[in-house]
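User: I would like to learn how to read the features of a model like this one. Please take them one at a time, with the general idea before the case.

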Amino acid sequence: MNEENSRKILMLGAYGLIGRFVTDDLRARGFHVVAIARRFPLSQKASALDLEMPVMSMERGSLARLIGDRDIDVVVNCIGVLQDGPGSDVSAVHRDFVAQLLQAIGDSGRAVRLIHISIPGTADDDRTAFSQTKREAERLIAASGMAYAILRPGFVIAPSAYGGSAMLRALAAFPIDLPATEATTPFQPVDVEDIAETIAWLAGRDTGDKTADALVWDLMQPQPITLGGVIEQFRRSFGTADLPRIVLPAFMLDLGADSGDLANRLGWMPPMRTTAIAELRRGVSGKPHAWMAATGIVPKTITQAVGQRSATIQDKWFARLFPVKALMIASLAVFWIASGFIALVISYDAAAGILTSHAFPPALVAPFTIGTSLMDMSIGVLIAFRRSCAAGLIAGIAVSLAYMLGTAILTPNLWIEPLGALVKTGPAIVLMLVALLTLDNR
């Protein structure tokens with residue numbers, strides 16, 4: 001290993017789209033990378049240096065010891081959240097944590113370069129808490145007096161998809177066009193490989209190297225392109241470019257964003273939320289020429305990153321299923337809550353009468369009707385919340401199987417009802433199984 005690559009890097013937010021790719025890339029280049037995330041999926045824990053830590057809640061002293069004990073030379077901060085929600089506070093994540101991190105670096109007693117991932121644009125255009133707190137963090141870093149580089153990547157193109165990149169892939173897979181105003185928004189992308197190469201370039205420089213200090217770089221292709229143009233490249237990859245399309249009304253975007261905010265309150269992190277739509281309408285643009293001149297990097301264009309490669313079958317399945325997943329979860333939650341509520345409140349006598357008419361033991365009719373109705377509603381509530389969704393889906397499958405088995409034993413005549421209520425339980429189980437298998441976000 002050469003002297004440059006012997007430097008030790010602390011990667012914060014190594015679970016995310018940028019953080020995970022850059023971690024793996026830097027390790028492949030020979031860098032010693034300590035990757036930190038609140039939680040890693042089993043598929044991402046590739047090294048003993050992938051550490052699960054509640055870094056956001058760590059005290060300043062604990063962060064300083066982590067940096068000092070691990071002999072860290074470079075800290076890369078990829079931590080960020082789109083908007084407030086359960087467990088997410090944009091001010092705490094973007095501003096307060098950065099302030100604490102700067103103090104911890106100072107307390108560590110080491111000469112450390114901080115590489116901070118921010119967003120393009122200027123403070124005059126910042127309208128959301130997301131962008132305003134990102135810019136506040138930039139000001140704190142600039143005033144800190146330590147060696148730093150602030151990187152402002154454009155729309156990130158990566159092999160994996162999450163958040164906005166997943167949403168654009170989904171738009172490309174379906175015969176839907178954005179409204180003209182949104183489609184013509186400037187939207188300069190960057191390949192995640194170019195971000196990784198930039199961070200490797202910076203990590204290879206000495207802390208005292210003034211050519212790699214106090215930098216604020218826009219990372220994106222220099223060629224102007226619109227949001228519609230980016231989606232069109234994905235369409236070419238998916239083979240959907242020539243399909244007829246329906247233009248989505250603008251109010252549908254706002255309605256989808258409001259629905260996303262509601263889902264966010266339940267612990268979900270959908271890409272379509274009010275902050276996402278506001279940032280999308282703002283656009284993504286910048287001036288990458290200083291970055292290109294300093295590093296010699298020629299950024300890949302969207303055509304090189306996406307348009308020259310045909311989508312794989314897993315790419316197509318993901319893009320098509322991504323929006324359908326939300327429909328599955330929402331419909332299953334409503335299905336269970338509504339079915340329980342109807343049987344308990346609106347049609348209690350009819351529900352109890354079905355059991356009575358099929359020779360169900362009279363003493364058990366009321367307890368069974370009330371108990372199963374409450375259980376159904378509880379399953380729906382469990383499915384609605386992200387943290388308990390998996391448990392709710394498993395419970396729904398188990399209860400449905402129990403209903404089918406119990407009915408076959410106690411009231412087999414229900415299986416030949418004209419409307420086939422019990423027969424339809426089978427497809428519902430399959431739908432819950434599909435929802436369970438697609439529950440992962442990364």
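Analyst: Start with pockets. On a 1 Å grid over the protein atoms alone, a pocket is an open set of points with protein on both sides within 12 Å along at least five of seven lines; a cavity is a set where a 1.4 Å probe fits but cannot get out; lining residues have an atom within 4 Å of a point. Grid points are joined across faces, edges and corners, and a volume is the space filled by probe spheres set on the points. Here, the second largest pocket has a volume of about 1,500 Å³. Its lining has 47 residues, and P270, F322, P323, A326 and L327 are the closest to the centre.

User: What kind of model is this?

Analyst: A predicted one: local features need pLDDT of at least 70, side-chain atom pairs count only at pLDDT 80 or more, and totals for chains, interfaces and linings use all residues. Residues are numbered from 1 along each chain as its sequence is written, and side-chain values use heavy atoms, with hydrogens and water left out.

User: Which helix gives the largest share of the lining of the second largest pocket?

Analyst: First the term: helices (H or I, at least four residues) and strands (E, at least two) are DSSP runs, numbered from the N terminus. Helix 13 gives the largest share, 14 residues. Helix 5 (164-173), helix 9 (250-265), helix 10 (274-282) and helix 13 (313-346) each supply at least two.

User: And the lining by class?

Analyst: Ala, Val, Leu, Ile, Met, Phe, Trp, Tyr, Cys and Pro count as nonpolar, Asp, Glu, Lys and Arg as charged, and the others, Gly among them, as polar. This pocket lining has 39 nonpolar, 6 polar and 2 charged residues.

User: How many cavities of 30 Å³ or more does the structure hold?

Analyst: It holds 1. The largest cavity has a volume of about 50 Å³. Its lining consists of R169, F234, S237, F238, R309, A311 and D315. By class, that is 3 nonpolar, 1 polar and 3 charged. Helix 8 (residues 227-238) gives the most, with 3 residues.

User: How do I read a nonpolar core?

Analyst: In soluble globular proteins, nonpolar side chains tend to be buried together. A nonpolar core is a set of buried Ala, Val, Leu, Ile, Met, Phe, Trp, Tyr and Cys residues joined through side-chain atoms within 4.5 Å. The largest here has 37 residues, and L26, I199 and L202 have the most contacts inside it. Helix 7 (residues 192-203) gives the most to this core, with 8 residues. Another core, of 32 residues, lies apart from it; V55, M58, I72 and I79 are among its members.

User: Where is T128, and what does its side chain reach?

Analyst: T128 sits in the loop between strand 5 (113-117) and helix 4 (129-142). A polar contact is a pair of N or O atoms within 3.5 Å; within protein, one must be able to donate a hydrogen and the other to accept it, and residues adjacent in sequence count only if both atoms are side-chain atoms. The T128 side chain makes such a contact with the side chain of E279 at 2.6 Å, and another with the side chain of S131 at 3.1 Å. T128 is buried, because its relative accessible area is 9%.

Methods:
Buried < 20%, exposed > 50% of the residue type's maximum accessible area, 1.4 Å probe, protein only.
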